[in-house]
Amino acid sequence: SDRLAAHAALAAVLDGQPDRQAWHRAASVLGRDERVAEALDQAASRARARGATSISVSALERAANLTPDPARRAERLLRAAELGFDMGNRDLVARLVRDAEPLTTFFNAPVAAGYMALVRGLGDTTPMQASQVRSVVDLAQRAVDAGDADLAWNLLWLAAQRCFWADPGEEA
């Protein structure tokens, strides 16, 4: 309890340092807390923007552990897995995907479903069939509709890469 209180006190005095504040808030709570998870998610975005990918992965993973909504938790884990893939850390990707998979039954959110499709398709080099291309495009559209244009771009890029090496036909 003293450690939790110390982290809470540090978070309270770090107003001008949102990333440090988020980490101390995360260390001061037990259980799940979406407000704290969202603050860590934002810290992850800032870390990624400055090129600190491993810090971004850690922040997303901790944010996922604090997230009450299972679909949102899975989304954060899969975003971390995507960054892990970018870092070339396949063991990390496998662990994060394994942690997210039990939560797929809660996937009613298009963004979470899009991230699962993206992460599952990252290492796949087999050509896509027209129906698979259509599914990816549909997921990308749902991501745009949900406000995640970056996910949509990544999904479309994945489809383009998979179609580059083999012609999936005119329908695709």
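Colleague: Which residues does Asp19 touch, if residues up to four places away in sequence are not counted?

Modeller: A contact means heavy atoms within 4.5 Å, and with that rule Asp19 touches Ala43, Arg46 and Arg50. This is a predicted model, in which local features need pLDDT of at least 70 and side-chain atom pairs count only at pLDDT 80 or more, while totals for chains, interfaces and linings use all residues. Residues are numbered from 1 along each chain as its sequence is written, and side-chain values use heavy atoms, with hydrogens and water left out.

Colleague: What joins the side chains of Asp19 and Arg46?

Modeller: A polar contact of 2.6 Å joins them; the term stands for a pair of N or O atoms within 3.5 Å, where within protein one must be able to donate a hydrogen and the other to accept it, and residues adjacent in sequence count only if both atoms are side-chain atoms.

Colleague: Where does Asp19 lie, and is Asp19 buried or exposed?

Modeller: Asp19 belongs to helix H2, residues 18–27, a helix being a DSSP run (H or I) of at least four residues and a strand a run (E) of at least two, numbered from the N terminus. Buried means under 20% relative accessible area, exposed over 50% and partly exposed in between, with a 1.4 Å probe and protein chains only, so Asp19, at 18%, counts as buried.

Colleague: At what angle do helices H8 and H9 pack?

Modeller: Axes are lines fitted to C-alpha atoms, for helices over the stretch in contact, and angles run from 0 to 180 degrees between N-to-C directions. Helix H8 (residues 130–145) and helix H9 (residues 149–164) pack at about 165°, their axes 8 Å apart. Angles under 35 degrees count as roughly parallel, over 145 as roughly antiparallel, 65 to 115 as roughly perpendicular and the rest as oblique, and H8 and H9 are therefore roughly antiparallel to each other.

Colleague: Which residues make the contact?

Modeller: Among them are Val133, Val137 and Ala140 of H8, and Leu151, Leu155 and Cys163 of H9.

Colleague: And the chain as a whole?

Modeller: The protein chain has 9 helices and 0 strands, and buried residues make up 41% of its 172 residues. The C-alpha atoms fill a box of roughly 65 × 30 × 30 Å, taken along the principal axes.
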